[in-house]
Amino acid sequence: MTRKLDYRWHLRQVMAAKGMFSTTDLIPLLAQRDIDLSSSQVYRLVVERPERLSLKILMALLDILDCTMADLIEPIAVAAPARRKKAASGEEAGVGELRPKRARIAPVND
């Protein structure tokens, strides 16, 4: 079985451990590091798991919270979905033996 990598985002827990319970507490601290995010952007950063995160923001968070990347991001392995079972005829479900035909370039007769 193939394993797929995923991660857990612990920004909210790290903030709480440092006594920061409001998402807006980060706004002025980020601004001091030349990162201007709106309150809704900071809220999503804290509450939701970011799919994309700039390294500049990540480094600022590590500096503000005096923590390591391992404190914020916990890598986890999840099981990949099982492959489809073979069809009753013994072939894999799906296209089976169907394959595209190669194109042939024929000379042009003038």
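## Salt bridges

A residue is partly exposed when its relative accessible area lies between the buried limit of under 20% and the exposed limit of over 50%. In this predicted model, Arg 8 has 42% relative accessibility and so counts as partly exposed. Its salt-bridge partner is Glu 74, at 3.3 Å from N to O. Arg 8 belongs to strand β1 and Glu 74 to strand β2 (residues 73-79), so the pair ties together parts 66 residues apart in sequence. Glu 74, at 29%, is also partly exposed.

The count of salt bridges comes to 4. In one of them, Asp 6 and Arg 49 have their closest N and O atoms 2.8 Å apart. This pair links strand β1 (residues 3-9) with the loop between α3 and α4, 43 residues apart. Asp 6, Arg 49 and Glu 51 are linked in a network of salt bridges. Another joins Asp 63 to Arg 33, with 2.7 Å between the closest N and O atoms; Asp 63 lies in helix α4 and Arg 33 in the loop between α2 and α3.

## Nonpolar core

The largest nonpolar core has 20 residues, and those touching the most other members include Leu 11, Met 15, Leu 26 and Leu 65. Helices α1, α2, α3 and α4 each supply at least two of the core residues, and α4 gives the most, with 7. Beyond four places away in sequence, Met 15 touches Met 20, Ser 22, Thr 23, Leu 26, Val 46 and Leu 65.

## Largest pocket

The largest pocket has a volume of about 160 Å³. Its lining divides into 5 nonpolar, 2 polar and 4 charged residues, among them Leu 37, Arg 44, Arg 49 and Ile 57. Helix α3 gives the most to this lining, with 3 residues.

Definitions and conventions
Residues are numbered from 1 along each chain as its sequence is written. This is a predicted model: local features need pLDDT of at least 70, side-chain atom pairs count only at pLDDT 80 or more; totals for chains, interfaces and linings use all residues. Side-chain values use heavy atoms; hydrogens and water are left out. A nonpolar core is a set of buried Ala, Val, Leu, Ile, Met, Phe, Trp, Tyr and Cys residues joined through side-chain atoms within 4.5 Å. Buried means under 20% relative accessible area, exposed over 50%, partly exposed in between (1.4 Å probe, protein chains only). Helices (H or I, at least four residues) and strands (E, at least two) are DSSP runs, numbered from the N terminus. Contact means heavy atoms within 4.5 Å. On a 1 Å grid over the protein atoms alone, a cavity is a set of points where a 1.4 Å probe fits but cannot get out, and a pocket is an open set with protein on both sides within 12 Å along at least five of seven lines; lining residues have an atom within 4 Å of a point. Grid points are joined across faces, edges and corners, and a volume is the space filled by probe spheres set on the points. Ala, Val, Leu, Ile, Met, Phe, Trp, Tyr, Cys and Pro count as nonpolar, Asp, Glu, Lys and Arg as charged, and the others, Gly among them, as polar. A salt bridge is a side-chain nitrogen of Lys or Arg within 4 Å of a carboxyl oxygen of Asp or Glu.
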